[in-house]
Amino acid sequence: MTIIHIEGDCFFAEGVRQVFALHETEVVHMSNPQTAVTAIIDSPPDVVLLDLRFTALNGFEILALLKADQRTCHIPLMIWSQLASREDIQRCFDLGACEYF
């Protein structure tokens with residue numbers, strides 16, 4: 001299983017990678033949202049783990065882009081973010097996220 005983790009905090013991303021490595025799951029960390037979207041379209045992973053807080057292309061926009069594209073709409077998108085308002089969580093589910101952490 002391959003997971004692409006779109007996360008701006010490299011320290012946090014390394015911790016996530018180490019936890020998943022214990023379960024023999026490859027996690028590819030990408031800190032640039034635009035590069036990540038291109039990589040996901042070019043070579044779809046099994047799962048995308050996504051933070052919401054980016055400046056150029058935020059997590060809501062990434063969700064919308066990936067769910068609107070026939071090449072990526074089937075990929076489970078999981079949100080892992082510090083944003084925790086009911087509105088943010090509901091918006092993620094409305095855009096197609098399958099889980100919110």
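**Fold, cores and selected residues of a predicted model**

Leu 49 is found in strand 3. Helices (H or I, at least four residues) and strands (E, at least two) are DSSP runs, numbered from the N terminus. The structure is a predicted model, in which local features need pLDDT of at least 70 and side-chain atom pairs count only at pLDDT 80 or more, while totals for chains, interfaces and linings use all residues. Residues are numbered from 1 along each chain as its sequence is written, and side-chain values use heavy atoms, with hydrogens and water left out.

Leu 49 is buried, with a relative accessible area of 4%. Buried means under 20% relative accessible area, exposed means over 50%, and partly exposed lies in between (1.4 Å probe, protein chains only). Leu 49 is in contact with Ile 3, Ile 4, His 5, Ile 6, Val 16, Phe 20, Met 78 and Trp 80, leaving aside its neighbours within four places in sequence. Contact means heavy atoms within 4.5 Å. Leu 95 is 46 residues from Leu 49 in sequence, and their C-alpha atoms are 15 Å apart in space.

His 5, one of the contacts of Leu 49, is found in strand 1. The relative accessible area of His 5 is 1%, so this residue is buried. Beyond its neighbours within four places in sequence, His 5 is in contact with Phe 12, Ala 13, Val 16, Val 27, Val 28, His 29, Met 30 and Leu 49.

The protein chain as a whole contains 4 helices and 5 strands. From the N terminus on, the elements run β-α-β-α-β-α-β-α-β. The radius of gyration is 13 Å, close to the 13 Å that the globule rule gives for 101 residues, so the chain is as compact as a globular protein of that length. This radius is taken over C-alpha atoms, and the globule rule is 2.2 Å times the number of residues to the power 0.38. Along its principal axes, the C-alpha trace spans about 35 × 30 × 25 Å. Of the 101 residues, 38% are buried. Among contacts with a separation of 6 or more, 58% join residues 24 or more positions apart.

A nonpolar core is a set of buried Ala, Val, Leu, Ile, Met, Phe, Trp, Tyr and Cys residues joined through side-chain atoms within 4.5 Å. The largest has 21 residues, and those with the most contacts inside it are Ile 6, Ile 79 and Cys 92. Two or more residues each come from strand 1 (2-6), helix 2 (33-42), strand 3 (47-50), helix 3 (59-68) and strand 4 (77-79). Helix 3 gives the largest share, 4 residues. Cys 92 is in contact with Leu 52, Phe 60, Leu 63, Ile 79, Ala 97 and Tyr 100, leaving aside its neighbours within four places in sequence.

Glu 24 lies in the loop between helix 1 (10-21) and strand 2 (26-30). At 75% relative accessibility, Glu 24 counts as exposed. Glu 24 has a positive phi of about 55 degrees, although it is not a glycine. Thr 38 lies in helix 2. At 45% relative accessibility, Thr 38 counts as partly exposed. Gly 59 is 21 residues from Thr 38 along the chain, and their C-alpha atoms are separated by 14 Å.
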